Each structure stands twice: as structure tokens, then as C-alpha cells.
Amino acid sequence: MTFKLAIAIFVSLIASGYSHDEDVHTIKYTVENFAEEVPKKNHFVMFYAPWCGHCQRLGPTWEQLAEMLNEDDSNIKIAKVDCTTDSSVCSEQDVTGYPTLKFFKLGSSEGVKFRGTRDLPTLTTFINEQLREGEEGDAEVEPPQPIGGLLELNEDNFEKHIATGKHFIKFYAPWCGHCQKLAPVWEQLAKSLEFDSSISIAKLDCTQYRGICNQFEVKGYPTLLWIEDGKKIDKYQGERSHEDLKSYVNKMMGSSEVAPDGNKPQTEEVEGAVGELTGDNFKHGIESGVTFVKFFAPWCGHCKRLAPTWDDLGKKFISDERVNIMKVDCTLDINKNLCSEQEVEGFPTILLYKNGDKISEYSGSRTLEDLYDFVKRHTGHDEL
């Protein structure tokens with residue numbers, strides 16, 4: 001390194017105002033504890049050098065990632081190793097440039113190298129993919145195993161699988177044109193719910209397992225049935241868009257009680273109070289009135305804690321046609337560009353739009369009262 005280059009790097013570090021020593025949430029490993037601690041849990045590790053300009057620019061994002069994920073109940077840890085002080089660790093990990101980012105799955109000392117752009121949405125998408133692959137490849141998981149959240153059922157696992165819990169199942173035939181058109185939407189629905197253990201999205205090929213389809217009186221394809229604890233509760237008859245199917249799931253999850261006639265009872269609970277936007281319908285969804293949008297990731301601890309409050313907020317505005325309370329799952333491929341365009345750099349990010357324009361990012365307390373007051377100030381309502 002030339003003297004001029006060293007000076008330039010030093011000046012850039014001072015100008016940035018960031019130092020790796022200031023990290024609060026990121027775990028710092030050394031040669032003494034790296035080999036012992038990393039296999040204990042999923043890890044995403046940055047191997048860096050303090051003088052590296054790219055490392056310096058990534059530092060705040062990495063710390064933000066650590067703040068989101070380094071919680072006691074998280075199944076992943078965000079960490080870093082200083083290669084100038086613990087060079088033997090970096091040498092063992094074949095680190096040849098800075099920063100090098102590697103994902104280590106539970107029980108493994110072999111890392112998967114991250115090769116994408118180093119922005120928060122791309123990093124979180126990579127984490128999500130690695131966690132999903134780990135779940136799919138876990139030999140301890142009993143069959144059937146989901147692929148992207150979607151379960152493929154057969155005569156060997158069907159009865160045992162539906163015996164308990166709630167299930168939304170597509171009965172189909174491969175040659176059916178309507179089934180073929182529904183297939184990508186059904187996969188999208190499954191993926192959007194894959195981290196919700198209270199519901200399973202599944203499919204069964206009636207050309208292979210006619211007996212099961214006859215048992216459930218399937219007379220046309222596709223037939224979409226809601227099944228709870230082994231019993232058919234309802235047959236879905238609505239539109240087959242992702243939004244309509246997701247709304248139906250939310251409605252059916254509102255109550256688990258079953259009337260004597262086998263139908264879902266009426267409930268006083270407000271249903272569908274929070275809408276879901278995607279990259280395909282976002283522009284249309286915010287084009288009129290006030291739209292308050294939560295951008296989230298299903299695995300984010302802060303998002304999980306906010307979820308019931310966000311649902312309650314939706315209920316408070318359910319009767320006001322000028323206010324929409326919405327959410328966007330940034331881990332879905334269909335939403336990756338949207339979250340990047342909206343400059344979502346952490347989860348949850350809460351943005352308010354008015355007649356299609358972004359007005360403000362909410363940064364206050366996440367209590368129901370404060371969120372409600374914030375929306376009310378932008379609508380001019382005295383009472384709702």
C-alpha cells in the first residue's frame with residue numbers, strides 16, 4: 001500500500017464517523033472462541049479489516065442487521081472477525097479479500113460465501129434463503145416436508161398430516177388448465193405463509209390418489225378445501241388471486257370453533273383489517289387516500305411483536321374508507337425490488353403515503369395509541 005493510499009483511507013474513515021469498535025449489537029469473535037461458538041447456532045459472519053473502505057461502508061448496515069437479529073429467541077447470530085488481529089481464523093476460512101461474508105449453518109464450521117450486493121434487503125433475502133434451505137434439509141423434520149412452504153401430500157402422509165391443525169389444500173389434476181394457471185399463485189400463497197406454523201398450505205394430485213379425493217367429494221379441479229383436525233370445514237369459492245386467497249386464510253384463522261353442522265360460525269371479530277401489498281399491486285394500493293404500510297420480515301423479532309398491534313390498528317380504521325392499514329413482506333421475491341425502491345433499510349419500516357406520494361416515515365413509539373394518533377394527524381380526523 002502506498003503512503004498516499006494509506007492517508008486517503010485514513011481520511012475516509014475519519015469522515016465516515018463510523019468505527020467497528022463502536023458496534024453494540026454485533027458479536028465479535030476471536031481465535032479463542034470462533035471455532036467453539038459458531039457451530040452452536042446459525043451464523044452470518046463478516047471477516048474484515050478495520051482499514052478497509054468497503055468494510056467501513058458496510059459497518060452500519062451490519063450493525064443494523066445485528067440489532068434486528070441478535071436476540072435471545074433468534075435462530076441466527078450476526079457476528080464479525082477482525083482479520084488483522086485474528087488472522088489464523090481468516091486464513092482457515094480462506095478469506096482473501098475484505099469484507100468476506102459467510103453464512104454458517106447450525107452444527108457446521110463450513111461457511112457459504114455471500115456474493116450479492118451489500119444492501120440490507122439483499123442481505124436479509126440471503127439469510128432467509130439459507131435458513132429455508134436448512135429447514136428443508138433437516139433430517140429431523142417429519143414428512144411431508146415443505147418446498148417453499150408448499151406441502152405435497154400423498155396417500156402415505158395425508159391422513160396423518162391433516163389429523164391435527166388447520167390446512168388449506170388444493171386438490172388438482174396436472175392436465176387441468178385452471179389448475180395450471182393457479183399453480184404459481186398457490187406457490188406464492190404457500191411461500192408467504194411458510195413461517196406461520198399455525199397453518200399449512202398443501203396440494204394433492206387427484207389423478208394419483210383418487211380414493212382421498214372421492215372421500216372429500218372432489219368433483220372438479222381445482223377444489224380448494226379448508227380442513228381442521230381432519231374435518232372438512234369449508235370449500236373456497238372466491239377469486240383465485242393471491243390477495244383473495246390470503247384474505248380468505250386470514251378470515252378462516254379468525255376462529256377455530258366449528259358449529260354442529262360443520263360450518264364456521266359467524267364471529268364478531270373484525271376480519272381482513274390489514275391488507276397485504278406486493279410489487280404487483282403496490283402502486284394501485286397507495287394511489288388514493290392515506291395508506292399506512294408496514295414493511296416487514298417474518299423472522300424479525302421486532303416485527304413479530306408489532307404484528308398484533310398492527311392488526312388492532314387496522315381494526316380501528318376498518319370503517320374509514322380514506323385510510324388503509326397495509327403490510328409488505330420484504331422476504332418474498334415479488335417484493336424485493338419494491339422494498340429496495342422504497343428505501344427499506346431495516347425491519348419493520350413503517351411509511352405513510354397520501355394519494356400515491358410518500359409523506360413520512362414513522363419513527364415513534366409502536367404503541368397502538370401513538371400509531372393511531374400519527375395516522376389521525378395526517379387525516380385530519382378528530383374522532384374515529
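A nonpolar core is a set of buried Ala, Val, Leu, Ile, Met, Phe, Trp, Tyr and Cys residues joined through side-chain atoms within 4.5 Å. With that in mind, welcome to this predicted model.

Let us begin with the largest nonpolar core, which has 41 residues. Within this core, Phe44, Leu65 and Phe295 touch the most other members. Helix α3, spanning residues 53-69, is the top contributor and supplies seven residues. Because domain 1 (27-132) and domain 3 (275-379) both give residues to this core, it lies between them. What is Leu65 in contact with, leaving aside its neighbours within four places in sequence? The partners are Phe44, Ile78, Leu120, Leu123, Thr124 and Ile127. Another core lies apart from the largest one and holds 18 residues, including Phe168 and Met252.

Next, a pair of helices. The axes of α11 and α13 come within 10 Å and cross at roughly 45 degrees, so the two helices are oblique to each other. Their crossing is right-handed. The table shows the residues through which they meet.

| Helix | Residues of the helix | Residues that meet the other helix |
|---|---|---|
| α11 | 301-316 | Leu306, Thr309, Trp310, Asp312, Leu313, Lys316 |
| α13 | 368-379 | Leu368, Leu371, Tyr372 |

Finally, take a look at Thr125, which lies in helix α5 (residues 120-136). Is Thr125 buried or exposed? Its relative accessible area is 7%, and buried means under 20%, so Thr125 is buried. Leaving aside its neighbours within four places in sequence, Thr125 is in contact with Cys330 and Lys336. The C-alpha atoms of Thr125 and Leu332 are separated by 8.1 Å, although these residues are 207 residues apart along the chain.

Technical notes. Residues numbered from 1 in each chain as written. Predicted model: local features only at pLDDT ≥ 70, side-chain atom pairs only at ≥ 80, totals over all residues. Heavy atoms only, no water. Buried < 20%, exposed > 50% of the residue type's maximum accessible area, 1.4 Å probe, protein only. Helix = DSSP H or I, 4+ residues; strand = E, 2+ residues; numbered from the N terminus. Domains from an automatic or database assignment. Contact = heavy atoms within 4.5 Å. Axes fitted to C-alpha atoms, helices over the stretch in contact; angles between N-to-C directions. Parallel < 35°, antiparallel > 145°, perpendicular 65-115°, else oblique. Left-handed = near helix turned anticlockwise from the far one by under 90°.
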